[in-house]
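Below is a briefing on one protein chain, grouped by topic.

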Amino acid sequence: MTETTTKIRTRPAAVILTPAAERRIADLMAQAPEGAIGVKLSTPRRGCSGLAYSVDYVSEEAKFDEKIETPGGTFYIDGASVLYLVGSTMDWVEDDFAAGFVFNNPNAKGSCGCGESFTV
């Protein structure tokens, strides 16, 4: 009888966070409301193209959420949204007029003119 061994490999994160995005998560966690355990990315249905990006504080882990440990705090990805986000890069961009998370999502087939929502 041969003995089998199981190899456990770590898989890459569904979303790649740029250093600027990680710093912003750290800033958010530094001013988080009491009870917040991290920041969570989800893709609720809204906007003229169907799905939107939403980043919010989270106070408890959900069973199927993906969890990414960053230097400034824990970043979660909604389990139901992972398929729409695999391979995406999340960045934080600030200029003279606006600041916000920006997503480079290879799964997005289109987006609305205002950039608030996307289709897959």
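Strand E2 runs parallel to strand E6 (residues 73-77), and three bridges join the two. Two strands count as paired if DSSP finds at least two bridges between them. The model is a predicted one, in which local features need pLDDT of at least 70 and side-chain atom pairs count only at pLDDT 80 or more, while totals for chains, interfaces and linings use all residues. Residues are numbered from 1 along each chain as its sequence is written, and side-chain values use heavy atoms, with hydrogens and water left out.

**Strand E2 and its partners**

- Leu-41 has Ile-77 as its bridge partner in E6.
- E2 also pairs with strand E4 (residues 54-58), here in the antiparallel sense and over five bridges.
- In E4, Tyr-57 stands opposite Val-39.
- E2 covers residues 38-42, and five of its five residues are buried; buried means under 20% relative accessible area, exposed means over 50%, and partly exposed lies in between (1.4 Å probe, protein chains only).
- Gly-38, Lys-40 and Ser-42 point one way from the strand, Val-39 and Leu-41 point the other way, and all are buried.

**Thr-74 in strand E6**

- Thr-74 is found in E6, and its relative accessible area of 10% makes it buried.
- Not counting residues up to four places away in sequence, Thr-74 touches Ile-37, Gly-38, Val-39, Lys-67, Ile-68 and Glu-69; a contact means heavy atoms within 4.5 Å.
- Ile-37 and Thr-74 are 37 residues apart in sequence, and their C-alpha atoms are 7.0 Å apart in space.
- The side chains of Thr-74 and Glu-69 make a polar contact at 3.0 Å. Such a contact is a pair of N or O atoms within 3.5 Å; within protein, one must be able to donate a hydrogen and the other to accept it, and residues adjacent in sequence count only if both atoms are side-chain atoms.

**Salt bridges**

- Four salt bridges are found in a search of the whole structure; each is a side-chain nitrogen of Lys or Arg within 4 Å of a carboxyl oxygen of Asp or Glu.
- Lys-40 and Asp-78 form one with their closest N and O atoms 3.9 Å apart. This pair links distant parts of the chain, as Lys-40 is in E2 and Asp-78 is in the loop between E6 and helix H2 (82-85), 38 residues apart.
- Lys-40 counts as buried because its relative accessibility is 18%, and Asp-78 is likewise buried, with a relative accessible area of 18%.
- A network of salt bridges links Lys-40, Asp-65 and Asp-78.
- Lys-67 meets Glu-61 in a salt bridge of 3.0 Å, N to O, and meets Glu-69 in another of 3.7 Å, N to O.
- Lys-67 is partly exposed, at 43% relative accessibility, and Glu-61 is partly exposed at 46%.
- Glu-69 has a relative accessible area of 54% and is therefore exposed.

- Ser-81 is found in the loop between E6 and H2, and counts as buried at 2% relative accessibility.
- Leaving aside neighbours within four places in sequence, the contacts of Ser-81 are Ser-42 and Thr-43.

**Helix H1**

- Ala-20, Ala-21, Ile-25, Leu-28 and Met-29 are the buried residues of H1.

**The chain as a whole**

- The protein chain has two helices and 10 strands, and from the N terminus on its elements run β-α-β-β-β-β-β-α-β-β-β-β.
- Of the 120 residues in the chain, 37% are buried.
- Among contacts with a separation of 6 or more, 51% are between residues 24 or more positions apart.
- The accessible surface comes to about 8100 Å², and 51% of this belongs to carbon and sulfur atoms. Accessible areas come from the Shrake-Rupley method with a 1.4 Å probe, and for residues only the protein chains shown count as cover.

Technical notes
Helices (H or I, at least four residues) and strands (E, at least two) are DSSP runs, numbered from the N terminus.
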